[in-house]
Amino acid sequence: GYGGHTKAMLQCLQGEGHMYATDVDHEEAAKTKKRLKELGFGEDILTIKLQNFCNIDEIAKEVGGFDFLLADLGVSSMQIDNPERGFSYKQEGPLDLRLNPQNGEPASERLQKMNREEIEGMLIDNSDEPYAAEIARAIAGRNRKGQKIDTTTKLAELIGETLAFLPEKERKEAVKKSCARVFQALRIDVNSEFEVLEAFLTKLPSCMAPGGRI
C-alpha cells in the first residue's frame with residue numbers, strides 16, 4: 001500500500017541487508033517505489049516484485065532464505081479510497097474488486113456466472129453473512145432477468161432493498177454491515193485470497209534462513 005511497514009523495516013536495516021517487497025497492484029507499487037526512493041531507499045537496498053506473495057518460493061530460490069518476513073494481508077486504504085477500483089460500497093464505481101486490475105475477472109462478471117447456491121455459499125464462507133440466503137436470491141433474480149449488477153451502487157442498493165423486511169430502527173445499521181460483508185466476500189472470492197494464503201503458508205518453511213522470523 002503506502003509502504004509504511006516497508007519504510008519502518010528499511011530504517012531498521014540501517015543500510016545493511018536487502019528488502020524484497022511484493023505487490024500485485026502495479027499502480028500502487030509504482031507510487032510506493034517512487035515514494036521510498038525519494039526517502040533514500042533505492043534499488044541498492046529495496047527490490048519490489050510485481051507478483052503475488054504466494055510465489056515467495058520463487059524469490060527465495062533466486063536470492064536465498066529470508067531472515068525476516070512480514071505478510072501484511074488484505075486491502076489497502078489507497079485501493080478502498082479509489083472509486084474506480086470498486087472496493088467500497090460508499091462510492092459509485094465499477095464493481096471490480098480485483099487487487100490486480102490487469103488479471104482475472106471483475107466481481108460484476110464473477111457474480112453473473114454464479115448461481116444462487118454458489119453466491120449463498122460464498123457469502124457464508126467468506127464473511128459469515130447472516131442474510132446470505134436472501135441476498136443470494138436477490139442477486140440470482142437479477143441475473144435471470146439479465147439486469148447487470150455492474151456498479152458498487154447497484155449492489156449496495158440491492159442489498160438495501162433485500163433487507164427492507166427488517167424493522168426500521170435496526171435496518172440502516174444492518175444494511176451497512178451487510179454491504180461491508182458482501183463486498184468483503186466478493187473481494188476474497190475474486191482474488192482467491194484463501195487459496196493464496198494457504199499456498200503461501202505451505203511454502204514458508206522452505207523459504208526462511210535458519211533462525212528466521214515470520
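Modeller: Contact means heavy atoms within 4.5 Å. Met122, Leu123, Asn126 and Ser127 in H6 meet Arg181, Val182, Gln184, Ala185, Leu186, Ile188 and Asp189 in H9 in this way. This is a predicted model, where local features need pLDDT of at least 70, side-chain atom pairs count only at pLDDT 80 or more, and totals for chains, interfaces and linings use all residues. Residues are numbered from 1 along each chain as its sequence is written, and side-chain values use heavy atoms, with hydrogens and water left out.

Colleague: What makes H6 and H9 roughly perpendicular?

Modeller: Take the axes of H6 (residues 116-127) and H9 (residues 168-190): they cross at roughly 95 degrees and come within 8 Å. Axes are lines fitted to C-alpha atoms, for helices over the stretch in contact, and angles between N-to-C directions run from 0 to 180 degrees. Under 35 degrees is roughly parallel, over 145 roughly antiparallel, 65 to 115 roughly perpendicular, the rest oblique. The crossing of roughly 95 degrees falls in the 65 to 115 range, so H6 and H9 are roughly perpendicular.

Colleague: Which kinds of residue form the contact of H6 with H9?

Modeller: Six are nonpolar, three polar and two charged. Nonpolar covers Ala, Val, Leu, Ile, Met, Phe, Trp, Tyr, Cys and Pro; charged covers Asp, Glu, Lys and Arg; the others, Gly among them, are polar.

Colleague: How many helices and strands does the protein chain have?

Modeller: The protein chain has 10 helices and four strands. They are DSSP runs numbered from the N terminus: helices (H or I) of at least four residues, strands (E) of at least two.

Colleague: Why is Thr6 called buried?

Modeller: Thr6 lies in H1 (residues 4-13). Its relative accessible area is 16%. Buried means under 20%, exposed over 50%, partly exposed in between (1.4 Å probe, protein chains only). Thr6 is under the 20% limit, so it counts as buried. Leaving aside neighbours within four places in sequence, Thr6 is in contact with Met19, Leu36 and Leu46.

Colleague: Why does Gly104 count as exposed?

Modeller: Gly104 has 59% relative accessibility, over the 50% limit, so it is exposed. Gly104 is in the loop between H4 (77-81) and H5 (107-113). Its C-alpha atom is 8.1 Å from that of Asn191, 87 residues apart along the chain.

Colleague: Why does Ser192 count as partly exposed?

Modeller: Ser192 has 31% relative accessibility. That lies between the 20% and 50% limits, so Ser192 is partly exposed. Ser192 sits in the loop between H9 and H10 (193-203).

Colleague: Which residues touch the most other members of the largest nonpolar core?

Modeller: They are Leu95, Ile119, Leu123, Ile139, Leu155 and Leu186, in a core of 30 residues. A nonpolar core is a set of buried Ala, Val, Leu, Ile, Met, Phe, Trp, Tyr and Cys residues joined through side-chain atoms within 4.5 Å. H9 gives the largest share, eight residues. Beyond four places in sequence, Leu186 touches Leu95, Leu97, Ala107, Leu111, Met122 and Leu155.
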